[in-house]
Amino acid sequence: MAEQAQFEELARQLSAVGAVKRDLARILPHDCPAGSAAVLTLLGRYGSMRMSKLAELLAVDMSVTSRHVAHVAERGWIERSPDPADKRSRILRLTPAGEATLRDLSRRSTELLTERLGDWSDEEVDQLIRLMTRLRDSFGDCRTAVAHPRPATAGPAEPLPVAAKAATAPVGSAARAPTTPVLEPTTRTPA
């Protein structure tokens, strides 16, 4: 098992991942904030779904999800249609314009990563992907995890770094559309 000092350094490095997320957010089109990009990414990755499922994947409440959905729907990137199984619910799906926007987001992210990691070998990039996937798997689905009790001798809890919260972004391969880094809100308030 790793030494305490190694875990402390890892925590510092994970906090620095926020800079990567900020750079990825800066390349988004002006009319596509991070929450909108997350909605498009998740619909591209998982396909059509109810808003309740989208809220679960975003790990935000329904009011925040509704605002993100309204934003992308106003731009014609998604359509909302009645759920045949429950007429009170809506099914969200990407439109052709949404798929085009998602491809643009993927292109922008890929270009930034290509620029910033241009001096990395293919093996180093593969290793980073493997290790980040393993790290994510080690934490499981943090959206539904129960808080771990602290030992009685522990002091006050330190706030979770934004980068650690960002590690809760869903990970998976896209069977339907290009993947884009999910730039999800990291708090339960709108971005």
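How many of the 13 residues of helix 2 are buried? Eleven are, which leaves helix 2 mostly covered; buried means under 20% relative accessible area, exposed over 50%, and partly exposed in between, with a 1.4 Å probe and protein chains only. The views below show a predicted model, in which local features need pLDDT of at least 70, side-chain atom pairs count only at pLDDT 80 or more, and totals for chains, interfaces and linings use all residues. Residues are numbered from 1 along each chain as its sequence is written, and side-chain values use heavy atoms, with hydrogens and water left out.

**View 1. The whole protein chain, with seven helices and three strands.** Helices (H or I, at least four residues) and strands (E, at least two) are DSSP runs, numbered from the N terminus. The order of elements from the N terminus is α-α-β-α-α-β-β-α-α-α. Of the 191 residues in the protein chain, 32% are buried. The protein chain exposes about 12,000 Å², of which carbon and sulfur atoms supply 56%; accessible areas come from the Shrake-Rupley method with a 1.4 Å probe, and for residues only the protein chains shown count as cover. Among contacts (heavy atoms within 4.5 Å) with a separation of 6 or more, 64% join residues 24 or more positions apart.

**View 2. Helix 2 and its surroundings.** Helix 2 has 13 residues, and its first and last C-alpha atoms are 18 Å apart, close to the 18 Å expected at 1.5 Å a residue. The expected span is 1.5 Å times one less than the number of residues in the helix. Its buried residues include Gly35, Ser36, Thr41 and Arg45. The buried residues of helix 2 pack against strand 1 (49-50), helix 3, helix 4, strand 2 (78-83), strand 3 and helix 5. Gly47 follows helix 2 and has a positive phi, near 85 degrees.

**View 3. The largest nonpolar core, with 24 residues.** A nonpolar core is a set of buried Ala, Val, Leu, Ile, Met, Phe, Trp, Tyr and Cys residues joined through side-chain atoms within 4.5 Å. Leu40, Leu43, Leu54, Leu58, Ile78 and Leu92 touch the most other members. At least two residues each come from helix 2 (34-46), helix 3 (51-58), helix 4 (62-74), strand 3 (86-94) and helix 5 (96-116). Helix 2 gives the most, with six residues. In soluble globular proteins, nonpolar side chains tend to be buried together. Leaving aside residues up to four places away in sequence, Leu54 touches Val39, Leu42, Met49, Thr65, Val69 and Leu92.

**View 4. Two loop residues, Asp31 and Ala59.** Asp31 lies in the loop between helix 1 and helix 2 and counts as partly exposed because its relative accessibility is 26%. Not counting residues up to four places away in sequence, Asp31 touches His71, Arg75 and Trp77. Its C-alpha atom is 9.2 Å from that of Val72, 41 residues apart along the chain. Ala59 lies in the loop between helix 3 and helix 4. Most residues other than glycine have a negative phi. Phi of Ala59 is positive, near 60 degrees.

**View 5. The salt bridge between Asp23 and Arg116.** A salt bridge is a side-chain nitrogen of Lys or Arg within 4 Å of a carboxyl oxygen of Asp or Glu; the structure holds twelve. In this one, N and O are 2.2 Å apart. The pair links distant parts of the chain, with Asp23 in helix 1 and Arg116 in helix 5, 93 residues apart. Asp23 is partly exposed at 22% relative accessible area, and Arg116 is partly exposed at 45%. Asp23, Arg26, Glu115 and Arg116 are linked in a network of salt bridges.

View 6. Glu56 and Lys53 meet at 3.6 Å, N to O. Glu111 and Arg107 form a salt bridge with their closest N and O atoms 3.1 Å apart. An α-helix has 3.6 residues a turn, so residues three or four places apart point the same way.
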